[in-house]
Amino acid sequence: MAHEKSKEPAYDSWADYYDIADRDRRPFIEFYRSLLTAQTRSLLDLGCGTGAITATLSDDLAARGEGSSGVRIVGVDESPEMLRIARTREGHIEWMLGDIRSPPVEGTFDLVICCFNTLQFLSEEGLSQTLRAVRRLIGTGGIFAFDIYQPNVEYITRAQTNRLARSVTDPQGRRLEVREDTRYDPSSRVLAIDWRMQEEGKPHAPPLTSSRFHLRQIFAADISRHLVEANLTVLERYGDLDRSPLTKESKRQVLVCGPG
C-alpha cells in the first residue's frame, strides 16, 4: 500500500495480520478478473500489499494461456513487510519495493490496477503524480482500473472511539478484534484512522499490533478532474464492484480508464 510522509510504511506493522483481518476479497477478485482478456499479457498491481489479488490474477492469466511463459506480472508496494509475504505466493511475479507515485518499472502494461482504495492514501499532488505515471505505463492501448470509497460525509464526521471494525479468527483459532478510533479533518478532507488488533475478551491487554492511516476523501468531481489532467479517459464508472450504477448512495467509486 502507499502512504506518504511516514518514516515507516503504515502497513509494515500490520503485515502479519493483514490477510487475517482483511475483508472478503471475492468481489475485488471477480471485478478485476473480469478485465482480463485473451490479449492481456502484462499486469501491474500498484499497492499490491501481500499480493493476494496479484497472485490470483496471475494464476488466471496462466490458465488462459500456456502457463506463465510470456506473461509479465508486476506488484509494487512501499512496505517491505507486505512484500515479504507477497514473495511467498508466486515466484515468477516481479515483486518490487517502490513508491506508486513513481513506480520503479519499465515498459508498458496491458492492465494496471490499484485496489482497496489505495489512491486515497495519497496527497493531492501524490495522486496527480501517480495518475501521470499510470498514463505512461498503459501506453496507447492499456487499461487502468481502480476502486476508492465514495465519501460519506455524514458518517465520517462522527468521530469514533474504540469502535469494533471487525471480528476475525486467526489460524490458531483465536478470536481477534480490530478496534478503531477515527477523526475527520474537513479542511484537509483527511480521515485519520487508528487500528488495533487485540484478542477478544481482553480489552486491557496490550494490542497484538496497531497502525495509523490517513485516508483522503476523493469526491467524484475531484477524481474526474485528476484523470483529465493526467490524459486518462473514463471508459466505465460504477458505484461498486458488482458494476451497479454510481449514485449518491453508492459505497464506492469503481473506474476503468484508458488513454486520453
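These are legends for a set of close-up views of one predicted model.

A quick note on conventions: residues are numbered from 1 along each chain as its sequence is written. Because the model is predicted, local features need pLDDT of at least 70 and side-chain atom pairs count only at pLDDT 80 or more, while totals for chains, interfaces and linings use all residues; side-chain values use heavy atoms, with hydrogens and water left out.

**View 1. The whole chain, for orientation.** The secondary structure comes to seven helices and 11 strands; these are DSSP runs numbered from the N terminus, with helices being H or I over at least four residues and strands being E over at least two. With 260 residues, a compact globule would have a radius of gyration near 18 Å, and the chain has 18 Å, so the two agree. That radius is taken over C-alpha atoms, and the globule rule is 2.2 Å times the number of residues to the power 0.38. Along the principal axes, the C-alpha atoms fill a box of roughly 55 × 40 × 35 Å. Buried residues make up 52% of the 260, where buried means under 20% relative accessible area, exposed means over 50%, and partly exposed is in between (1.4 Å probe, protein chains only). The chain exposes about 12,000 Å², with carbon and sulfur atoms supplying 49% of it; areas come from the Shrake-Rupley method with a 1.4 Å probe, and for residues only the protein chains shown count as cover. Of the contacts between residues at least 6 apart in sequence, 67% join residues at least 24 apart, a contact being heavy atoms within 4.5 Å.

View 2. Helix α3 covers residues 52-64, and at 1.5 Å a residue its 13 residues should span 18 Å; the end C-alpha atoms are 19 Å apart, which agrees. The expected span is 1.5 Å times one less than the number of residues. Buried here are Ala52, Ile53, Thr54, Ala55, Leu57, Ser58, Asp60 and Leu61. They pack against α2 (26-33) and the strands β1 (42-46), β2 (72-77), β3 (94-97) and β4 (111-114). From Asp59 to Arg25 it's 34 residues in sequence and 16 Å in space, C-alpha to C-alpha.

**View 3. The Arg33–Asp60 salt bridge.** Arg33 and Asp60 form a salt bridge, with their closest N and O atoms 2.6 Å apart; the term covers a side-chain nitrogen of Lys or Arg within 4 Å of a carboxyl oxygen of Asp or Glu. Arg33 sits in helix α2 and Asp60 in helix α3, so the pair ties together parts that are 27 residues apart in sequence. Arg33 is partly exposed at 24% relative accessible area, whereas Asp60 is buried at 15%. The structure holds 26 salt bridges.

View 4. Glu81 and Arg84 meet through their side chains at 2.9 Å, N to O. Both belong to helix α4 (residues 80-86), and being three residues apart, they are separated by about one helical turn. An α-helix has 3.6 residues a turn, so residues three or four places apart point the same way. Glu81 is partly exposed, with a relative accessible area of 30%, and Arg84 is partly exposed at 38%.

View 5. The closest N and O atoms of the Glu236–Arg243 salt bridge are 3.7 Å apart. Glu236 is partly exposed at 27%, as is Arg243 at 32%. Elsewhere, salt bridges that share partners join Glu124, Arg189, Arg216, Asp222, Arg225 and Glu229 into one network.

View 6. His226 is found in helix α7 (residues 220-229) and is buried, with a relative accessible area of 2%. Its side chain makes polar contacts with the side chains of Glu124 at 3.1 Å and Ser128 at 3.0 Å. A polar contact is a pair of N or O atoms within 3.5 Å; within protein, one must be able to donate a hydrogen and the other to accept it, and residues adjacent in sequence count only if both atoms are side-chain atoms. Leaving aside neighbours within four places in sequence, His226 is in contact with Glu124, Leu127, Ser128 and Leu131. Helix α5 takes in residues 124-137: its 14 residues should span 20 Å at 1.5 Å a residue, and its end C-alpha atoms are 20 Å apart, which agrees. Buried residues of α5 include Leu127, Ser128 and Leu131. After α5 comes Gly139, with a positive phi near 60 degrees.
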